[in-house]
Amino acid sequence: MIILCLQMGPMEGRTDLDSDEEIPFNSSPNARKVHPFDFETVHLAPHMGVVNSWIHKQSSIRPLRSIYIVLLKAKINILLPFGPLAILLHYLTGNHVVVFFLSMLGITPLAERLGYATEQLAFYTGPTVGGLLNATFGNATELIISIYALKNGMIRIVQQSLLGSILSNMLLVLGCAFFTGGIVHYNKVQVFNEAAALVNSGLLLMAVMGIMFPAVLHFTRTEVHFGKSELALSRFSSCVMLVAYASYIFFQLKHQHSLHNLNCNIDEEGVSEEGSEEEEAPEITQWEAIGWLAVLTLWVSVLSGYLVDAIEGASDSLNIPIAFISVILLPIVGNAAEHASAIMFAVKDKLDITLAVAIGSSTQISMFMIPFCVVVGWLMGKPMDLNFQLFETATLFIAVLVVTFMLQEGKSNYLKGLMLILCYLIVAASFFVHMDPSNDDN
């Protein structure tokens, strides 16, 4: 039977091939009559030649398609030319106000594109490594700005910009997401995983404790060695906070089944399951995503230098406190990606992902980025500490309490979102009239 099938095979295959007119790469008539079981190179040469030319053509077009997807497709990329324009005007005019605002506009789409490239790479690395990538590159803009400012000795700008990122994510980003989701889904109660929200709230309270003690120690004048004890305490607390954050990441990665069940609860209706699967297909390859991460990170670091250099000049020219620029304006630029993502997921009634974006980002900044900057300053010989001054520490403590009470029910509505937005407006107004008592650090 096997011999009979092999003898009949070529005849059937020949008949099928003769009748089929839509076989690709069959421009020559000889290639159309090749036997299926004939593997001689002479018969396959024309076919392989066309295949190789097609692959070469696709490889030459692929980079152009990647550039189009990353740099041209998104509407926010209309702000990309402001970055080179800021650098040009820095050398032509030296106007700090113009350079500052153009740099902010130029960094905004780069922050959003960094988040996009990270999401694309997460498709190939899986959820575990993807979560670590999101934790690393999610706040890359704030980290780059902070390290550059720390290198220049602008310790207060580092502290205030990181504090502003926490306040912006907790109050403004989460408030806008709750408000938008509540308006769109006004006829239903939006719910989220209360346990996951409380874990992040607990970490935020731990971060407040680590930041509060050096400030209280300083202002109560109870240090054993004034000016040195708070720095030593800050460095020790930073190491402890880094260990706590690493334990938190380890806990998340070792409980992937719980996170999987949490994600399944998000799509309980099952209406948009097919659509979500189609939306989650990667648009660029793995190496393209890695390359874009490197390019975007480098470009953000370049623009961050011009942005930080123009802060003091813009503050003097506009008569705006540096605290307001650092706490309010800079975090809005760095949180552009989180802001858009949180609102989008809230509109889709996926509040668990919204909380992971907003509150998770605040947790990462408070438990990882701030202690990390203290350790980096330690290595650089810069006296970076956790003494955020009394006014800023109290602001952070009250904001964390407000958000913790908002998340206790496990439910959301537009009123809670509006309250969080109004709280952020009060914070912004407070820093607009706040005069930093430690201007000598700047």
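Mentor: At 28% relative accessibility, Phe372 counts as partly exposed. Buried means under 20% relative accessible area, exposed over 50%, and partly exposed in between, with a 1.4 Å probe and protein chains only. Keep in mind that this is a predicted model, where local features need pLDDT of at least 70, side-chain atom pairs count only at pLDDT 80 or more, and totals for chains, interfaces and linings use all residues. Residues are numbered from 1 along each chain as its sequence is written, and side-chain values use heavy atoms, leaving out hydrogens and water.

Trainee: How is a pair of aromatic rings described?

Mentor: By the distance of the centres and the angle of the planes. Rings of Phe, Tyr and Trp (its six-membered ring) pair if their centres lie within 6.5 Å; planes under 30 degrees apart count as stacked, over 60 as edge-to-face and the rest as tilted. Searching the whole structure gives eight aromatic pairs. Phe368 and Phe372 have ring centres 5.5 Å apart and planes at 20°, so they are stacked.

Trainee: Where do Phe368 and Phe372 lie?

Mentor: Both are in helix H16, four residues apart, about one turn of the helix. Helices are DSSP runs (H or I, at least four residues), as are strands (E, at least two), numbered from the N terminus. An α-helix has 3.6 residues a turn, so residues three or four places apart point the same way. Phe368 is partly exposed, at 26%. Ring pairs also link Tyr245, Tyr248, Phe368 and Phe372 into a cluster.

Trainee: How do I read the rest of H16?

Mentor: H16 covers residues 351-380 and reaches 41 Å from its first C-alpha to its last, close to the 44 Å expected. That expected span is 1.5 Å times one less than the number of residues. H16 bends by about 35° at Ile365; the bend is the angle between axes fitted to the seven residues ending there and the seven starting there. In H16, 21 of the 30 residues are buried. Just after H16, Gly381 takes a positive phi of about 85°.

Trainee: How many disulfides does the structure hold?

Mentor: A disulfide is a covalent bond between the sulfur atoms of two cysteines. Here the search (a pair of cysteine sulfur atoms within 2.5 Å) gives zero. Cys176 is buried, at 16%, while Cys423 is partly exposed, at 26%.
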